[in-house]
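Please have a look at the sequence and the model first.

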Amino acid sequence: MNRDYISRKKTKKIRIGDTFIGGDSPITVQSMTNTDTRNALATVNQIKRLEDEGCSIVRVAVPDNEAAEAIRDIKKSIHIPLVADIHFDYRLAIACMKNGADKIRLNPGNIGDKDRVRMVVEVAKERQIPIRIGVNSGSLEKDVMAKFGGVTPEAMVESALGHARILEELNFYDIVFSLKASNVPMTIAAYRMMSEKTDYPLHIGVTEAGTIYKGTVKSSVGLGCLLAEGIGDTIRVSLTGDPVEEIKAGNEILKSLGLKKGGVEFISCPTCGRCQVDLISIAGRIEERLSKVDKDIKVAVMGCAVNGPGEAKEADIGIAGGKGEVLLFKKGEIIRKIPQERAVEEFLEEIHRL
Ligand code: SF4
């Protein structure tokens with residue numbers, strides 16, 4: 001049953017704090033805080049919520065010195081690698097690395113002359129800190145756009161490779177790339193092209209994807225397509241909302257492709273005219289209560305006797321609806337009938353007994 005249908009492209013393995021991106025390391029889910037980084041306490045609190053939800057790497061924006069200073073306090077209080085996101089100012093990049101950032105996101109072509117890049121690279125080398133080159137369709141260099149007649153996947157790839165050359169000329173190779181567009185087909189095309197041209201690991205994401213519902217759908221389509229082709233070493237779902245939702249969505253994307261093992265696999269039917277129990281409410285309540293269950297199990301919540309028993313038997317615990325009652329299955333066997341009012345409680349009791 002557990003055949004691997006996806007063959008992952010082998011990329012260079014990069015260390016970031018005590019985690020790895022690329023190579024044979026698991027695909028990680030990351031997010032970015034939306035607190036004011038200068039407010040270390042609020043930022044740490046948000047990061048802890050992200051950690052609880054299964055976030056592997058977290059990024060914070062560093063717009064000024066005060067934010068770069070806050071990196072020190074934030075780093076002390078969290079348990080996952082911290083990435084400092086810097087635009088333009090090489091001094092902030094150096095300060096963040098000295099203050100404990102595990103990785104920086106910086107486009108070397110945007111920070112001025114080569115001496116500045118050299119200074120950043122020296123500190124990064126000394127501390128073995130990788131750099132992510134993050135190309136965004138909204139901020140491509142004018143000359144690159146002129147060459148390709150606007151924002152195109154080719155232009156995004158050329159921009160990323162151009163930034164990388166600056167680092168490689170300084171013998172720096174701890175590089176991760178991202179090429180994000182808000183347009184899903186363009187994002188997919190850019191990453192496909194990049195994956196053919198480089199072995200550096202890829203951080204994949206659809207940028208400015210939208211609000212929680214629309215953004216999750218857009219990201220799932222874009223990232224799902226790439227991941228199914230074996231492209232992508234770390235993912236970020238960008239949502240206008242609580243970043244905890246990004247982690248939930250990211251983990252579900254990986255689980256749905258079998259790229260993340262463990263946790264509860266939840267199967268429920270959409271219900272139809274054959275269903276004679278209030279399955280939507282039962283499934284919703286069970287799913288909610290299972291969100292905090294840390295067991296490697298498969299559960300099925302099914303509406304009737306047509307497809308229900310088949311799926312329920314395949315699960316560790318399952319129910320199949322009848323008339324106002326449900327049949328409870330455990331490891332393929334029917335164990336009893338329960339009135340629908342007791343279905344959620346008894347289902348969960350069985351899960352805890354496993
Ligand atoms: S399991 Fe039964 S109720 Fe659910 S969708 Fe299938 S046929 Fe309909």
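By a salt bridge I mean a side-chain nitrogen of Lys or Arg within 4 Å of a carboxyl oxygen of Asp or Glu. This is a predicted model, in which local features need pLDDT of at least 70 and side-chain atom pairs count only at pLDDT 80 or more, while totals for chains, interfaces and linings use all residues. Residues are numbered from 1 along each chain as its sequence is written, and side-chain values use heavy atoms, with hydrogens and water left out.

R192 forms such a bridge with E229, the closest N and O atoms being 2.7 Å apart. Because R192 lies in helix α7 (residues 184–197) and E229 in the loop between α8 (212–228) and β10, the pair ties together parts that are 37 residues apart in sequence; helices here are DSSP runs of H or I with at least four residues, strands are runs of E with at least two, and both are numbered from the N terminus.

A second pair is R49 and D242, whose side chains meet in a salt bridge at 2.4 Å, N to O. R49 belongs to helix α1 (residues 40–52) and D242 to the loop between β10 (234–236) and α9 (243–256), so this pair ties together parts that are 193 residues apart in sequence.

Within helix α4 (residues 114–127), D115 and R118 are 3 residues apart, about one helical turn, and their side chains also meet in a salt bridge, at 3.8 Å, N to O.

Finally, K330, R336, R342, E346, E349, E350 and R353 are linked in a network of salt bridges, and the structure holds 28 salt bridges.
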